[in-house]
Amino acid sequence: GKHLIVLMLHHLVQAGYAGSVEALQSESGVTLAQYECADNIELLSVLQEWEDFYEFKFGRRAKLVRKLSAYSSAVDPHGKDGARKALDAAVLPRLKGRASDSRRT
């Protein structure tokens, strides 16, 4: 738990997601003022090394994510933009005193 959160926080800082960093720190109780990544360690390199190990050990690439089929209950029946609209309409807590600085791709 804690180690992964620190790696995620470091990755989010490097990517410029300040709002996400603040939210993750407040929700997890783990801050970059308490911990830092060890030298030469970052989330993407850890993930890549694990994928290489998995492929070496099992002889096939690790499957970390999968595309949802049209029949999945997680797919929005209102079309490809329906999930984004549902997310935008969701009532999410706002950080007080902060303008929305989240990035969307």
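Accessible areas here come from the Shrake-Rupley method with a 1.4 Å probe, and for residues only the protein chains shown count as cover. This is a predicted model, in which local features need pLDDT of at least 70 and side-chain atom pairs count only at pLDDT 80 or more, while totals for chains, interfaces and linings use all residues. Residues are numbered from 1 along each chain as its sequence is written, and side-chain values use heavy atoms, with hydrogens and water left out.

View 1. Let's start with the overview. The chain has four helices and zero strands, and from the N terminus on its elements run α-α-α-α. Helices (H or I, at least four residues) and strands (E, at least two) are DSSP runs, numbered from the N terminus. The chain exposes about 9100 Å², and carbon and sulfur atoms supply 54% of that area. Of the 105 residues, 14% count as buried; buried means under 20% relative accessible area, exposed means over 50%, and partly exposed lies in between (1.4 Å probe, protein chains only). Among contacts in the chain with a separation of 6 or more, 46% come from residues 24 or more positions apart, where contact means heavy atoms within 4.5 Å.

**View 2. Helix α1 against helix α2.** Here you can follow α1 (residues 2-15) and α2 (residues 18-28), whose axes come within 9 Å and cross at roughly 160 degrees. That makes α1 roughly antiparallel to α2. Axes are lines fitted to C-alpha atoms, for helices over the stretch in contact, and angles run from 0 to 180 degrees between N-to-C directions. Angles under 35 degrees count as roughly parallel, over 145 as roughly antiparallel, 65 to 115 as roughly perpendicular and the rest as oblique. On the α1 side, I5, M8, L9, L12 and V13 meet S20, V21, L24, Q25 and S28 of α2. Sorted by class, this contact has seven nonpolar, three polar and no charged residues. For that sorting, Ala, Val, Leu, Ile, Met, Phe, Trp, Tyr, Cys and Pro count as nonpolar, Asp, Glu, Lys and Arg as charged, and the others, Gly among them, as polar.

**View 3. The buried residues of α2 and the end of the helix.** Now look at G19, V21, L24 and Q25, the buried residues of α2. What covers these buried residues includes α1. After α2 comes G29, which has a positive phi, near 80 degrees.

**View 4. Helix α1 against helix α3.** This close-up shows a second pairing for α1: α1 and α3 pack at an angle of about 125 degrees, with their axes 8 Å apart. That makes α1 oblique to α3. L4, L7, M8 and H11 are the α1 residues in this contact, and they meet L43, L44 and V46 in α3. By class, the contact of α1 with α3 has six nonpolar, one polar and no charged residues.

**View 5. Y35 in the loop between α2 and α3.** Y35 lies in the loop that joins α2 to α3 (43-58). With a relative accessible area of 35%, Y35 is partly exposed. Although Y35 and H3 are 32 residues apart along the chain, their C-alpha atoms are separated by 9.0 Å. Leaving aside neighbours within four places in sequence, Y35 is in contact with K2, V6 and V30.

View 6. N40 is exposed, with a relative accessible area of 77%, whereas I41 counts as partly exposed at 35% relative accessibility. Take a moment over the backbone of N40: phi is near 60 degrees, a positive value in a residue other than glycine. Most residues other than glycine have a negative phi. Setting aside neighbours within four places in sequence, I41 is in contact with L7, H10 and V46.

**View 7. Y54 in helix α3.** The last stop is Y54, placed in helix α3. Y54 is buried, with a relative accessible area of 17%. Apart from neighbours within four places in sequence, Y54 is in contact with G59, R60, R61 and A62.
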